[in-house]
Structure formats: structure tokens, C-alpha cells
Amino acid sequence: MELLDHLALGFSTALSFNNLFYAFLGSVLGTLIGVLPGLGPLATISMLLPFTFGLDPLEALIMLAGIYYGAAYGGSTTAILVNLPGETSSVVTVIDGHQMARQGRAGVALATAALGSFFAGCVGTFILAAFAAPLTQLAFSFGPAEYFSLMAMGLVGAVSLASGPLIKSIGMIVLGLLLGLVGTDVASGAMRYTFGLPQLWDGIDFVVIAVGIFAFGEVITSLERKEIRDALSSPITRLWPSWQDFKDMAPAVLRGSAIGSLVGVLPGAGLSLASFFAYSLEKKTSRTPERFGKGAIQGVAGPEAANNAAAQTAFIPTLTLGIPGSATMALMLGAMIVHNIQPGPQVMTTNPTLFWGLIASMWIGNLMLVILNLPLVGIWVKLLSVPFRVLFPAIILFCCIGVYSVQNSIFDIYLAAGFGLFGYVLHKLHCEPAPLMLGFVLGPMIEENFRRALVLSKGDFSVFVTRPISAVLLAITAILLIMVAIPAIRSRRQEAFEE
Amino acid sequence: MKTVNHRDVGAGLLYVVLGLAFTIGASGYRMGTAARMGPGYFPFWLGVILTVIGAVVIFNAVRSRVAAEPMERWSMRGLLTVLACVVAFGFLLPHAGLIVSVLFLVIGVSFAGPDFSWRVALATAAVLLALTLALFVWLLDLQFTIWPPFATF
């Protein structure tokens, strides 16, 4: 079995002391920051990214993956304990999770989330490992036209599945693409939009945009919210679910894992969509639907399993095709580029240790989260009671130091402040910033492939529709656009999100 | 009471302004042809697309009137304090060193937080300074000017 060989290689890499340590460090840091209310995974990852840049590529990626899971898991903890979803994917966890907490079953809810996530993570990792090789083979037959169409589909897919008005989100993507073009044009060497500033010759660093828009933006926004906290004060007494709880959650976890693995591969809001789907499925198939919203354990187990499975399979397009499906994945992709790894099909063949080591450490990271989080839940609860006025200066300080440390550039700090202002304006205008990040990371790639495709076809635009794979991808893009644009479907989509 | 969706008008205007800015910027670069694209080609058309999207957003906002929603409060205090402190941090870092910059930033942004008190702000600043020195200077070995240049011992 080739797959087993690959996994063996991966585990032998991931189980080295250093790599285990970075997986551990990443998970702890991710959870630590992710638990803080008002700081979603995007902000968490943006803030911690720069501190991984000094490591070896594999160590850095392992730590980042740990941060990514930790942040997602921390978000669920906040959702259950504080009734405050840190991210869209834990919006549904709040419903039943917090009810369980109020009934004194916070520990059980947290354990359910952890165990369900772990199981789903295993399934997701296995699917990722199994599908990586064949997809990579497919990707090798892609030319620039196919890549362009694939990215177009990814971008449109990302916004059509996400909530919010489609046209505004597409605007954000285009704006992101444009911002991605700032700097030296690779093909001609011309400077674009640099205003004569040498600091912009290499383009805007993605950490600057991420920290500015997500971290600063979120902190400033939460500064104006009156603090309404429904935090849990009673100590967590029982962690381990009872036999009955296990029997209740097991099928939900299985269904959630299946849904999550499928939906996660789709570009876009894979995680939140997966948890929404899983929640409504649990509610529909349940024999006691009236218990949902009142602390049903299935309402925690299903969505948590689904979003963790999706978190795992979301790596499939990123790692095999080099095309991120979400803003979070765009950050991971940006981090790989910082380490001189151009994500795409060639990574698996040219650097198999890195590729399989990363996959194996994803599984290890999931395991660590379970081992870590259940005993340490008390610490996370304490952290929740740290007042905001102490926390936010720390967040801002670490962001500033992080942004500076990427290139030892004061200019980057100023630029991040500028993007903080921009992020705040976007928030006030209800413009979703995540598609901007996606567009930003894909901007240079999409231009390069667009150009190359047209060079090869001698300027004939029909190349995008005459090559079969490209045509199919563009057709899917068009169908997605039409589906979302038609009012009847639009209103149903809204209902689905409100539900 | 029905009114125009101010938020979307604002968003549309933002797109139009930025779209035009990028388009105008791109027209200063060599355009080239589709087969041999110059640096201006791709951004020019993206800018045009963004402008059109902005126009559509404005059109939709003006046409479909929604129930009047009070515009959210813009808390200038939090926004300006945080941004000003971040900029000041950037300015102070090379001139006054890390210690002064960290203290300034932490105490400064604390003013934007809920119920400011000197005691809490000073304590937070002290703890964060110790953390910064331990983590970033000692452990991660990031390169900073630590002391103010005029006070180098």
C-alpha cells in the first residue's frame, strides 16, 4: 500500500522531538489566543504567524497547523462557556453548547466537542492522505488556462457559499486581487502602485493586511461593544460524558464527520457551512427534535465533528492544487510562500517529507488538543475571566511586534495601522473582509496564469472555454453565480443562514 | 419609515473610488495586447470591474429601500487611540528603544478600553514589558533597539 508508506514516512518525520514540540506549542498558543472572546481564528492566526517565520519550513508549518486547530478549538470553548461564537463555524455550537453549560454540563459539552472533533479529525486526515496523491496527478495535467479557471471557480465558490450579499463580496475579492498586484510585476519588472516607496517593491506583506484588517479591526470593533458577558462562573465539575451521552453522540459524530469531510473540500465557507448542515441534519433526523436548542448533546457533537472534519479536508485543495478555499487557508498558503514553498502539486513529489510530515502532524495535533484541553479546561475558563481592558493592549502589542519582526520594518507597522482603519470602515459598511484576503493571496497567481494562458493561445480568449477541463470549471463558476443571483434561491439561501 | 441603505451606498462609493484609482494608476503602465500583456493590462480591467461592481451596489442600495436602521455608532475614540498608539509605537521603536515604546503603547491604548485606571494600566504595561523582553528578546532573539540610544550603558 503506497498510502501506508506515505503515512509511515509522515509519522517518522512528525514524531521527532522538535516537530512534536512545535505541534504542541502551536496547539497551546492557538487555543490560548483562540479562547479569548472577540478574537476569531483569522485574527489569532494573523497574530501568531510572524513568530513561526524564524523556524524551518516543516517546523513552521507544523506549528501553524497546530495554531489553526487550536484556534478553532478555542473558539468552540468560548462558544460553549461564554455564549459568544468566536467564529462563524461555532455559531451553531453556541445554541446547544451554552445551554448544556447552563445546565451544569459544561464539562460534558467541552468533552463532547473535543472527542467529536478528534474523531472527525482522524477521518479528515485519512481522507486528505488518501486523496492527495490522485488529485496531485490530476493537477499535473493542468495548464495555465485550467489554473486560471480553477482559481476563478474557487473565488466565486468561496463567496457564493458564504453569507452576505454576493455582489459586495465579489467587490471585496476584486479589491483583494488588486492589492495583491502592488509591487514589482514579475513578468516585466515594472513597479506597480508603489508610489516610489522602496518598502512596497516586494508588495504588501500578507501579514500586514491580515493583522491590520483582522486583528486590529476586530479589537477596535470590540472596543465599542458594551461588554455583555454571560460567562460561566460555576466550576466545571464533571468532564467525562456518561454512557448514555456516548450513545447519543456517536451517530451524530459519524454523520458530522461525513458531512464535514465532503463540504470541507468545497471552496469557501466550508467550516461554517459544514456545521450548519450537520446541525440541521441532526435536528431533522432526531426523534426528539424539541430538545434541540435546550442542550441536546447531538447539537454539539454533530456540528463540532463536521467543522473539524472540514478544517482537515480544506487542506486538500490548498496542498494539492495550491489554491486556498478560504481566508484561513490563504494565510496558510501565504506562510508557505514565505518559506519558499510554492504550494501546488509539485510539493508532494519534490518534498515528500514535508508534505507527509505535515499531514501526520495534523493528526498528532488533533490528538494533542484532546489530551491538552480536557485537563487544562480549568485554565481556559480562568483565561475567560481576564478582563478585556488587560487583554486588548496585549493583543495590540503582540501584533505590532509580530508585524515588525517579519522584515524588521517600521513601515509595515504604519501600513498595518492603515489597514486597521480600513478594516474598521469595512466592518461599518458590512463588507466581509475574508474574501479580500483570499483575493489578495491569489492575485499574483491568477494574473500570471491568465497571462500565460493568453500568451500560449496568442491572445485568443476562447482558450478558456475550448480546453475541456477549463470549460467545465468555468461552467461551474457560471452556474454558481446564476444560482446565487436568482432571487428565489437567494431568499432560500438567506433563510438557511438565518436558521 | 423607509430610507436608502446608507451602508451599501458607502460600500459602493468605496468600490467606485478605489476602482477608479486603480484604473487610473494602471493607465500609467504599459498596457500591451492580450497576447503580450503589459503590467497595466490586468489591473486596468480589474479596476474597471471594481468600479462597475461599486456602481451596481449603489444602484441596488438606492433602488431597494429598506426599513430605516440607525447608523451604527462610530466610536472615534477607540479607533483613533489605537491607531495613533500603533503609529507612535512604530515611530518610537527606533528612536527611543523597545522598553519606552512598549510602555507607551500599552498605557496609551489602555485609555481606549472600558473603565481605565492607572493602576491596572501600569500593572498591565509592566507585565507585558517583562513578557516581551523574555519572549521576543531573550527567547526568540528578535533584533530590537532596547534602550533609548541616549541612555546606552
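**Entry 1: α3 and α8 in chain A**

I noted the cut-offs: under 35 degrees is roughly parallel, over 145 roughly antiparallel, 65 to 115 roughly perpendicular, and the rest oblique. The crossing of α3(A) and α8(A) is left-handed. Left-handed means that the near helix is turned anticlockwise from the far one by less than a right angle, right-handed that it is turned clockwise.

Which residues make the contact? On α3(A) I found A:Leu42, A:Ala43, A:Ser46 and A:Met47, and on α8(A) A:Val207, A:Ala210, A:Val211, A:Phe214, A:Ala215 and A:Glu218. Contact means heavy atoms within 4.5 Å. I sorted the residues of this contact into eight nonpolar, one polar and one charged. For that sorting, Ala, Val, Leu, Ile, Met, Phe, Trp, Tyr, Cys and Pro count as nonpolar, Asp, Glu, Lys and Arg as charged, and the others, Gly among them, as polar.

**Ground rules**

I jotted down that residues are numbered from 1 along each chain as its sequence is written, while chains are lettered from A and ligands numbered from 1 in the order in which they are written. Local features in this predicted model need pLDDT of at least 70, side-chain atom pairs count only at pLDDT 80 or more, totals for chains, interfaces and linings use all residues, and side-chain values use heavy atoms, with hydrogens and water left out.

**Entry 2: α16 and α17**

Next I looked up helix α16 (residues 388–407) and helix α17 (residues 410–428) of chain A, whose axes come within 8 Å and cross at roughly 135 degrees. That makes α16(A) oblique to α17(A). Their crossing is right-handed. A:Cys400, A:Val403, A:Tyr404 and A:Gln407 in α16(A) meet A:Ile410, A:Asp412, A:Ile413 and A:Ala416 in α17(A). The residues of this contact come out as six nonpolar, one polar and one charged.

Is A:Leu36 buried or exposed? I found A:Leu36 buried, with a relative accessible area of 7%. Buried means under 20% relative accessible area, exposed over 50%, and partly exposed in between (1.4 Å probe, protein chains only). A:Leu36 is in the loop between α2 (17–35) and α3 (41–48) of chain A. Leaving out residues up to four places away in sequence, A:Leu36 touches A:Leu383, A:Leu391 and A:Ile395. The C-alpha atoms of A:Leu36 and A:Ser385 are 9.5 Å apart, though 349 residues separate them along the chain.

Then I went to A:Pro324, in the loop between α12 (315–321) and α13 (327–338) of chain A. A:Pro324 is buried too, with a relative accessible area of 1%. Beyond four places in sequence, its contacts include A:Leu333, A:Leu438 and A:Leu442. From A:Pro324 to A:Gly439 I get 10.0 Å, C-alpha to C-alpha, across 115 residues of sequence.

A:Ser117 lies in helix α5 (residues 91–140) of chain A. A:Ser117 is buried at 7% relative accessible area. Among the residues it touches, not counting those up to four places away, are A:Glu304, A:Asn308 and A:Asn366.

**Entry 3: positive phi**

Most residues other than glycine have a negative phi. I found a positive phi near 50 degrees at A:Tyr193. A:Tyr193 sits in the loop between β2 (191–192) and α8 of chain A and is buried, with a relative accessible area of 8%. A:Asn340 is not a glycine either, and its phi is about 65 degrees. A:Asn340 lies in the loop between α13 and α14 (346–350) of chain A and is exposed, at 72%.

**Entry 4: whole chains**

How many helices and strands does chain A have? I count 21 helices and two strands; helices (H or I, at least four residues) and strands (E, at least two) are DSSP runs, numbered from the N terminus. Of its 499 residues, 62% count as buried.

Chain B has four helices and two strands, in the order β-α-α-β-α-α along the sequence. Of the 153 residues of chain B, 46% count as buried.

Technical notes: Axes are lines fitted to C-alpha atoms, for helices over the stretch in contact, and angles run from 0 to 180 degrees between N-to-C directions.
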